[in-house]
Amino acid sequence: MAFPNGKDDLMKFEVTIRPDEGYYRGGTFVFSFQISSIYPHEAPKVKCKTKVYHPNIDLEGNVCLNILREDWKPVLNINTIIYGLFHLFTEPNHEDPLNQDAAAVLRDNPKLFESNVRRAMTGGYMGQTFFPRCI
């Protein structure tokens, strides 16, 4: 966890996730968190700062995680979100995608999906999209 704006702004921070299993094993993914003044009655705003080939994260960093939207409840907390994000990397979900192309490849050809993830994580182009190295 890091606070890019220092101790004067504890409502904005970054969390780094490093999966140790699954398709994204060995990668480093940074997420920004923005906590609203009415937290915990409103879910934090979370964006992925690392460009990633993922069915549940689009190329702009938007994250499709149900507890950040319709399933948010004030009893949930930041830890719950971090576990949810980690789960997206160990069990990507092709049934609720933001990146339709990645979801279709995961659903139809998991071996190709794995190859695409590795290619994106090591840096370079996939189609017209450049992915910076994150492994």
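The model is predicted. UniProt, in an unreviewed entry, lists residues 1-126 as "domain: UBC core". That span is 27% helix and 15% strand. Its end C-alpha atoms lie 30 Å apart.

Start with the interior. In soluble globular proteins, nonpolar side chains tend to be buried together. Here the largest nonpolar core has 35 residues. Phe31, Phe33, Tyr53, Val63 and Leu85 touch the most other members. The largest share, 5 residues, comes from H1.

Phe31 shows how these pieces meet. Beyond its neighbours within four places in sequence, Phe31 is in contact with Phe13, Glu14, Val15 and Ile17, among others. Its contacts also include Val46, Lys47, Cys48 and Lys49. Further along the chain, Phe31 contacts Ile57, Val63, Leu85 and Phe89.

The relative accessible area of Phe13 is 7%, under the 20% cut-off, so Phe13 is buried. Leaving out residues up to four places away in sequence, Phe13 touches Met1, Ala2, Phe3 and Pro4, as well as Phe31, Ser32, Phe33, Ile35 and Ile78. Gln34 sits 21 residues from Phe13 along the chain, yet their C-alpha atoms are separated by 6.9 Å.

Now take H1. This helix has 13 residues and reaches 19 Å from first C-alpha to last, close to the 18 Å expected at 1.5 Å a residue. At its start, a side-chain oxygen of Asn77 reaches to within 3.0 Å of the backbone nitrogen of Asn79. The buried residues of H1 are Ile78, Ile81, Gly84, Leu85, Leu88, Phe89 and Thr90. What covers them includes E1, E2 and E3.

H3 can be read the same way. Its 12 residues should span 16 Å at 1.5 Å a residue, and its end C-alpha atoms are 16 Å apart, so the two values agree. Which residues of H3 are buried? They are Phe113, Asn116, Val117, Ala120 and Met121. These residues cover an arc of only 125° around the axis, so they lie on the same side of H3. Their cover includes E2, H2, strand E4 (124-126) and strand E5 (129-131). Just after H3, Gly123 takes a positive phi of about 95°.

Two residues in the loop between E3 and H1 deserve a look. Thr50 is one of them. Is Thr50 buried or exposed? Its relative accessibility is 15%, so Thr50 counts as buried. The side chain of Thr50 reaches the backbone nitrogen of Val30 at 2.9 Å. Not counting residues up to four places away in sequence, Thr50 touches Thr28, Phe29, Val30 and Cys134.

Cys64 is found in that loop between E3 and H1 too. The unreviewed UniProt entry gives Cys64 the annotation "active site". At 5% relative accessibility, under the 20% cut-off, Cys64 counts as buried. Leaving aside neighbours within four places in sequence, Cys64 is in contact with Asn56, Arg69, Leu88, Asp96 and Leu98. One of these, Leu88, is itself among the buried residues of H1.

Methods. Residues are numbered from 1 along each chain as its sequence is written. This is a predicted model: local features need pLDDT of at least 70, side-chain atom pairs count only at pLDDT 80 or more; totals for chains, interfaces and linings use all residues. Side-chain values use heavy atoms; hydrogens and water are left out. UniProt positions are given in the numbering used here, feature names are shortened, and annotations may be inferred rather than shown by experiment. Helices (H or I, at least four residues) and strands (E, at least two) are DSSP runs, numbered from the N terminus. A nonpolar core is a set of buried Ala, Val, Leu, Ile, Met, Phe, Trp, Tyr and Cys residues joined through side-chain atoms within 4.5 Å. Buried means under 20% relative accessible area, exposed over 50%, partly exposed in between (1.4 Å probe, protein chains only). Contact means heavy atoms within 4.5 Å. The expected span of a helix is 1.5 Å times one less than its number of residues. The arc is that of the directions from the helix axis to the C-beta atoms. A polar contact is a pair of N or O atoms within 3.5 Å; within protein, one must be able to donate a hydrogen and the other to accept it, and residues adjacent in sequence count only if both atoms are side-chain atoms.
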